[in-house]
Amino acid sequence: MAITDDIRKAATDPTPLYFLAGTADLAVQQAKKVPGLVEQIRTEAPAHIDTVKNLDPNAVQEKASARAKEAQENLQTKVTEFINSLDTDLKKLGESAQDFALRGVGVAAEYAVKARETYEKVAEHGELTVRTWRGEAAEEIEDFAIAVEPNAEPGEIKTEPKPVVVAEAAPAKKAPAKKAPAARKPVAKKTTPPAK
């Protein structure tokens, strides 16, 4: 029965649907920002293009070489420090490995909690979005009803909730239908011809 209960719970939980609605609403909000970004790029692009055109390739190459040398020196010093700081004692290495593993588990748990919180926030946003959509739909229906029945007051319009039908987990098997007995033909009566 636990599986049936889990299926019913999953089928009646609206949170994933709210999450989808919230995600869709957030995507629409982000899409509304695109025209502004396009306009910003359009206005800034000529200045960036002029900057690139006026760059001296030799100066760029010298800067890149200097940065590469600096990075190489930093890397060498870091590697040297790391090698010098390594302790060859196996016990300490084992403790370090165990510490890293525990940190990894802690980080994974932290990310799982953050993911769950984000999921719930987006689902709450979706629920508010759905409520807003429903409210707008109700206003539109009310306006339509007023247009159809101009004498009706907006508060008079009543909608009856539709009953929710829950599907069964497994359909019940039907017993085979019993056949009705075949109708018998009436037996013909013997009639004697009338006497003359």
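The structure is a predicted model, in which local features need pLDDT of at least 70, side-chain atom pairs count only at pLDDT 80 or more, and totals for chains, interfaces and linings use all residues. Residues are numbered from 1 along each chain as its sequence is written, and side-chain values use heavy atoms, with hydrogens and water left out. The chain contains five helices and zero strands, where helices (H or I, at least four residues) and strands (E, at least two) are DSSP runs numbered from the N terminus.

**Overall architecture**
- Along the sequence, the pattern is α-α-α-α-α.
- Of the 196 residues in the chain, 6% are buried; buried means under 20% relative accessible area, exposed over 50%, and partly exposed in between (1.4 Å probe, protein chains only).
- Among contacts (heavy atoms within 4.5 Å) between residues at least 6 apart in sequence, 81% join residues at least 24 apart.
- The chain exposes about 18700 Å², and carbon and sulfur atoms supply 61% of that area; accessible areas come from the Shrake-Rupley method with a 1.4 Å probe, and for residues only the protein chains shown count as cover.

- Asp25, in helix H2 (residues 15-31), is buried yet has no salt bridge, and the nearest side chain of opposite charge, Lys32, is 6.7 Å away.
- Thr129, in helix H5 (residues 90-148), is buried because its relative accessible area is 6%. Apart from neighbours within four places in sequence, Thr129 contacts Ala21 and Asp25.

**Salt bridges**
- The structure holds five salt bridges, each a side-chain nitrogen of Lys or Arg within 4 Å of a carboxyl oxygen of Asp or Glu.
- One of them joins Arg42 and Glu39 at 3.3 Å, both in helix H3 (residues 34-53).
- Glu110 and Lys114 pair at 3.2 Å, and Arg116 pairs with Glu120 at 3.1 Å.

**Surface patch**
- Leu75, Val79, Phe82 and Ile83 form a nonpolar surface patch with about 410 Å² of accessible area together. Patches are made of residues with over 30% relative accessible area and no salt bridge, with like charges joined within 9 Å and nonpolar side chains (Val, Leu, Ile, Met, Phe, Trp, Tyr) within 5 Å.
- Ile83, in helix H4 (residues 57-85), is exposed, with a relative accessible area of 53%.

Definitions and conventions. Lys and Arg count as positive and Asp and Glu as negative; His and the chain ends are not counted.
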